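Grab a pencil and work through these exercises one at a time. Try each task yourself before you read its solution.

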Amino acid sequence: MSARSMEERIGLAVIGAGRIGSTRARVASAYPASRVVAVVDVNADRAVELANEVGAELSTDDVRRAVSSPGVDAVLVATPEHTHTEQVLAALAAGKPVMCDTPMALNAADAAMMERASEQSGTPLLFAYTQRFQRQYQVAKENVQRGAL
């Protein structure tokens with residue numbers, strides 16, 4: 001990694017200040033190439049607390065405000081699944097690349113809508129499939145591949 005100045009760090013909006021969002025925000029704020037600019041949560045107190053902890057300039061319950069804030073270069077979505085579609089679409093509409101926790105959506109129509117928005121805007125949409133590296137899922141994959149399941 002090349003050395004980056006404070007001004008060159010990737011600015012992130014973290015949507016969701018629960019367990020996963022807080023973890024992602026803490027990791028991002030400790031990483032030298034990124035900084036948390038905004039924290040969004042439906043619980044305003046939780047958003048303020050996490051924003052203060054990670055040095056974010058903005059805490060809000062307004063996704064659109066956060067993703068359109070100056071300094072936000074990308075968005076991390078770490079909220080319950082039923083909220084992903086609206087939040088991802090808002091970030092993509094603002095032209096911000098998104099990493100969203102899984103599952104992507106609760107139905108195929110919402111997943112297709114997010115995929116279309118990403119393709120039409122030319123904005124990356126990625127998913128955090130962190131569970132795939134756990135041993136039990138690796139074993140299940142191996143069983144499927146050899147026809148045992």
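**Exercise 1.** How far apart are the mean positions of the positive and negative charges of the protein?

*Solution.* Start with what gets counted: Lys and Arg are positive, Asp and Glu are negative, and His and the chain ends are left out. Next, place each charge at NZ of Lys, CZ of Arg, CG of Asp or CD of Glu. That gives 15 positive and 17 negative charges, and their mean positions lie 7 Å apart.

Before going on, a word on the model: it is predicted, so local features need pLDDT of at least 70 and side-chain atom pairs count only at pLDDT 80 or more, while totals for chains, interfaces and linings use all residues. Residues are numbered from 1 along each chain as its sequence is written, and side-chain values use heavy atoms, with hydrogens and water left out.

**Exercise 2.** Find out how many helices and strands the protein has, and in what pattern they come.

*Solution.* First, the rule: helices (H or I, at least four residues) and strands (E, at least two) are DSSP runs, numbered from the N terminus. Counting them gives 6 helices and 6 strands. Now read along the sequence, and you get β-α-β-α-β-α-β-α-β-α-β-α. Finally, the C-alpha atoms fill a box of roughly 50 × 35 × 30 Å along the principal axes.

**Exercise 3.** Describe the largest pocket and say which helix gives the most to its lining.

*Solution.* A pocket here is an open set of points on a 1 Å grid over the protein atoms alone, where a 1.4 Å probe fits, with protein on both sides within 12 Å along at least five of seven lines; lining residues have an atom within 4 Å of a point. The volume of the largest pocket is about 550 Å³. Its lining has 28 residues, and I20, A78, T79, P80 and D101 lie nearest the centre. Two elements give two or more residues to this lining: α1 (19–30) and α4 (84–93). Of these, α1 gives the most, with 5 residues.

**Exercise 4.** Is I20 buried, partly exposed or exposed?

*Solution.* Look up the cut-offs: buried means under 20% relative accessible area, exposed means over 50%, and partly exposed is in between (1.4 Å probe, protein chains only). I20 sits in helix α1. Its relative accessible area is 34%, so I20 is partly exposed. Now check its neighbours, using contact as heavy atoms within 4.5 Å. Leaving out residues up to four places away in sequence, I20 touches A78 and D101. I20 and T79 are 59 residues apart in sequence, yet their C-alpha atoms are 8.1 Å apart.

**Exercise 5.** Which residues of α4 are buried, and what do they pack against?

*Solution.* Go along the helix and you pick out H84, T85, Q87, V88, A90, A91 and L92. That makes 7 of its 10 residues, so call α4 mostly covered. These buried residues pack against β1 (10–15), α3, β4, β5 (98–101), α5 (108–121) and β6 (125–128).

**Exercise 6.** Where is S69, and why does S69 count as buried?

*Solution.* S69 is in the loop between α3 (63–67) and β4 (74–77). Its relative accessibility is 12%, so S69 counts as buried. Beyond four places away in sequence, S69 touches L58 and K96.

**Exercise 7.** Which peptide bond is cis, with omega near 0 degrees?

*Solution.* Go to the loop between β5 and α5, where P103 is found. The bond from T102 to P103 is the cis one.

Terms used:
Points joined across faces, edges and corners; volume = space filled by probe spheres on them.
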